[in-house]
Amino acid sequence: MLRLSEQVYLEMIGHAYDGLPDEACGLLAAGPGTAKVETFYPCRNAAASGRVYTVEPGDHLRADRDAEDRGLEIIGVFHSHTHSEPYPSPTDVEQVPDPTWHYVIVSLKREAPETRSYHIVEGRISEEPVTSSVR
């Protein structure tokens, strides 16, 4: 189960709306061996697209360094879907950089944002529970 604090959840949702009309993205950090996200790192979408995302490499490097300095590790990536359901697209599945990560998708298709989290291993998609003190 992925756990998001209220602050992380609100930062993630705000970044998703701020990114419109493009997909927004960011990285999630937690203490080693945990799935309790302590820090959200908003990143730029290098693809600058409303249909796909690419975490800006410089933003990724800065997040990695900051997380390491704080005794955290990057455990996942977040991105928004501006026009579709919160389910990994074929492109999302092809781009998976780390099979141990949590893949959080926020859909802005409806009036209220919908958040889901997945593990993606060798093309297999498994949804996992995600909790937040806001939800």
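Reader: Which exposed residues are carried by the face of α2 that is turned away from its buried side?
Author: This is a predicted model, in which local features need pLDDT of at least 70 and side-chain atom pairs count only at pLDDT 80 or more, while totals for chains, interfaces and linings use all residues. Residues are numbered from 1 along each chain as its sequence is written, and side-chain values use heavy atoms, with hydrogens and water left out. Helices (DSSP runs of H or I, at least four residues) and strands (DSSP runs of E, at least two) are numbered from the N terminus, and buried means under 20% relative accessible area, exposed over 50% and partly exposed in between, with a 1.4 Å probe and protein chains only. On the face of α2 turned away from its buried side, the exposed residues are Pro57, Arg62, Arg65, Glu68 and Asp69.

Reader: Why do the buried residues of α2 line one face of the helix?
Author: The buried residues of α2 are Asp59, Ala63 and Ala67. An α-helix has 3.6 residues a turn, so residues three or four places apart point the same way. The buried residues of α2 line one face because, seen down the helix axis and judged by the directions from that axis to the C-beta atoms, they fall within an arc of 65°.

Reader: How many residues apart in sequence are the parts tied together by the pair of Tyr87 and Tyr118?
Author: Rings of Phe, Tyr and Trp (its six-membered ring) pair if their centres lie within 6.5 Å, and planes under 30 degrees apart count as stacked, over 60 as edge-to-face and the rest as tilted. Tyr87 and Tyr118 form an edge-to-face pair, with 5.5 Å from centre to centre and 85° between the planes. Because Tyr87 lies in the loop between β4 and α3 (90-94) and Tyr118 in strand β6 (residues 114-121), the parts that the pair ties together are separated in sequence by 31 residues.

Reader: What is the omega of the peptide bond from Leu20 to Pro21?
Author: Most residues other than glycine have a negative phi, and most peptide bonds are trans. Pro21 is found in the loop between α1 and β2, and the peptide bond from Leu20 to Pro21 is cis, with omega near 10°.

Reader: What is the phi of Glu122?
Author: Glu122 is found in the loop between β6 and β7 (124-128), and it counts as exposed because its relative accessibility is 73%. Its phi is positive, although the residue is other than glycine, and the value is near 50°.
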